[in-house]
2 protein chains.
Amino acid sequence: MREWSQKLRADGRSIGCVPTMGALHEGHLSLIRASARECDETIVTIFINPIQFGPNEDLTTYPRDEGSDLELAMGAGATAAYCPSVETMYQSDSSVYVVEEKLSKYLCGLSRPTHFRGVLTVVLKLFNATVPDRAYFGLKDYQQMLLMNRMVRDLDIPVEIIALPVIREPDGLAMSSRNRHLTKEQRKDAICLKNALDAATEAFQNGERTPRELEWIARTIIEQAGSARIDYISCCDAEDLSTLAKIDRPALLALAVYFRDTRLIDNTVLSPEKEGQ
Amino acid sequence: MREWSQKLRADGRSIGCVPTMGALHEGHLSLIRASARECDETIVTIFINPIQFGPNEDLTTYPRDEGSDLELAMGAGATAAYCPSVETMYQSDSSVYVVEEKLSKYLCGLSRPTHFRGVLTVVLKLFNATVPDRAYFGLKDYQQMLLMNRMVRDLDIPVEIIALPVIREPDGLAMSSRNRHLTKEQRKDAICLKNALDAATEAFQNGERTPRELEWIARTIIEQAGSARIDYISCCDAEDLSTLAKIDRPALLALAVYFRDTRLIDNTVLSPEKEGQ
C-alpha cells in the first residue's frame, strides 16, 4: 500500500484518505465524494479495528459487507481501497499505542475507556500505509474528530484533517452502520436523538444558555422513547469538551443512547455568536 | 525542518537521523559517523526532552553545551542539526502520546514510569520532522532500542532503526552525558558497572546459566563501590525482557546504578549460541 502511495506522491499526485470500518452509508460516501473533488487520488480504507472495541462491545456483530462496500466506494469516486487483515495490522505481541490523555476522558471515552486508544493507533497506522495529504472524518463522531486534530498537531503528522457534516436519513436519524441493527420499533424510537437535539437547539435559540437545562430538555425527550437507554447527554465546551457553566462560547451538545445492544451517537454545536442571543 | 527533508527525499537523497539530547560524546559521534557513511544526509537532533524526565529527575541539571555540540556533530559528518525549542515541540495543552505497554514495564520503566512514553513520543515527532530513512541509536540504552524497533513495527513507521555498540572510556566506563556529573571519587567507583558485567560474563562463559547467579555476581561487585546505590540489576530475555529461569536463549544483563543523584546504566548480551556452552 505504502509503495503505491509514495509513488503517487512522488509523481506530485495528492492523496485523500477516508478511513472506514466498512458497511458504508451515505455519510461515508459524502466523505469519499469530498475527497474525490479535492484530491487526485482517494483511498478508502476498510478495516474493522478490533482494538477500538471493548470486551463487551459489538465487534463480532459489527456489520460486514465488503463486496457492496467496494462498489459503493468506487461509485463515489474512490480510486483505491485498502482492506488489510487483522493479522496484517496487529502482531500477537503488539504493544505500542497512541493515547490521548485529556479530550478522551469525556463523553464516549467514559463508557468506552480504550476506544480512542484503538482509533488513534489504527488511524496513525493507516496514515503510515496510505501517506495521505488529507483525511476525511464525519462530524457525527465529533469527539473523534477533535482527537484526530489533536493527534496530528501533537505528533506533527503531516496530514490535514477534514471534518464534514453529519448526513441524516429523511426523518433526521444520523446515518450509522449500526442503524441496520435496529428493529422496526427501535428504528422508530431512534428519531428521539435528533428530536432531542432539535428541542435543545430551539431552547438555545430562544435564549437558554444553561447547559444543564439543555441537557434536561434533551433527556426528557429521549426518556419518552420506550426502547431508549441513555449512556450520556452532555453539553460541554466544543473545543476541549470540559464542563461549561454557561454557554458563552461554542458548546457541543452530544449524546449516546442504547437501543438494546445498539449504541447510537449524535450531536450538534451551539454557537452563541451565530445563533440568536 | 520537514520541508527541507522532504525536498531532499524527493531529490532521491537518503537521510539518517541521530536523535540526541546534546552534550555529545564519542557514543553520539559514532552514531553520526555511521549515518554519514550510510546516508547522503545526516541530521542530528538536539533536544532535551522534558517529558521523558520524571518529576524528581535531572531535567534542570542535564548538561547543555550547544555550541560545542554543533561543532562536534559537524566534525563527525552531520549535514544538519535540528534544535527545536520546547515551545516548538509541546503546546500547553499537548495530550497525545505514544506508549508501549509490555517491554516498557521492565528495567528502566520500573523506576522511570513515564520515561519511555516521553522518549517514544518525542522520537516519533522528530521522525515526522526529519523524515529519515534510518535512525541511529546506541546499545547502551538497550531497552530504548528494543522500544524503537517495537514502535516502528507496531505503528508502521517507515524508518529503519540502526543499533550500534556501546562506546566506552579507556577504563571501560560506558560513555554518557551524565558522566560529567561524577565527582572524582564517583568516577573511580563507576568502573564497577563494567567490572560487574565482565565478571558475570566470565562466569557465563565458564558455564553459569542461572540468571539469579549472574545477577548476584554483578551485585557483589557493585556493592563494593562505596558511592554506588543499585537501582536494578537484571538478567532477562534479551528479546522481550521477560524473566528467564535459565539462559537457553540470548539474555540481557542490564543494570542501573546511582552515584548520589547521577544514574548510570550499562548492559551486555549473553548469547548461549555464540559463547561457550
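Biologist: Which residue stands opposite Gly138(B) in strand 6 of chain B?
Modeller: Leu164(B) stands opposite Gly138(B). This is a predicted model, in which local features need pLDDT of at least 70 and side-chain atom pairs count only at pLDDT 80 or more, while totals for chains, interfaces and linings use all residues. Residues are numbered from 1 along each chain as its sequence is written, and chains are lettered from A and ligands numbered from 1 in the order in which they are written.

Biologist: In what sense do strand 5 and strand 6 of chain B pair, and over how many bridges?
Modeller: Strand 5 (residues 134-138) and strand 6 (residues 160-164) of chain B are parallel, with five bridges. Pairing requires at least two DSSP bridges; strands are DSSP runs of E with at least two residues, and helices are runs of H or I with at least four, numbered from the N terminus.

Biologist: What is the strand order of the open sheet in chain B?
Modeller: Its five strands follow the order 3-2-1-5-6, with parallel pairing. Strand 3 (80-82) and strand 6 of chain B are the edge strands, each pairing on one side only.

Biologist: Changing topic, how many residues of chain A are in contact with chain B?
Modeller: In chain A, 24 residues are in contact with 24 residues of chain B (C-beta atoms, placed from the backbone, within 7 Å). Strand 4 (96-100), helix 1 (2-10), helix 6 (115-130) and helix 7 (142-154) of chain A each give two or more residues to that side. Strand 4 of chain A makes the largest contribution, five residues.

Biologist: Which strand of chain B is joined to strand 4 of chain A?
Modeller: Strand 4 (residues 96-100) of chain B runs antiparallel to strand 4 of chain A, and five bridges join the two. Val98(A) stands opposite Val98(B) there.

Biologist: Which residues of helix 3 of chain A are buried?
Modeller: In helix 3 (residues 66-75) of chain A, Asp69(A), Leu72(A) and Ala73(A) are buried (20 or more other C-beta atoms within 10 Å; exposed means 12 or fewer, partly exposed in between).

Biologist: Why are they on the same side of the helix?
Modeller: Because they cover an arc of only 100 degrees around the axis of helix 3 of chain A, taken from the directions to the C-beta atoms. The face turned away carries the exposed residues Gly67(A), Ser68(A), Glu71(A) and Gly75(A).

Biologist: What covers the buried residues of helix 3 of chain A?
Modeller: The cover includes helix 2 (26-38), strand 2 (41-46) and strand 3 (80-82) of chain A.

Note on methods
Contact = placed C-beta atoms within 7 Å.
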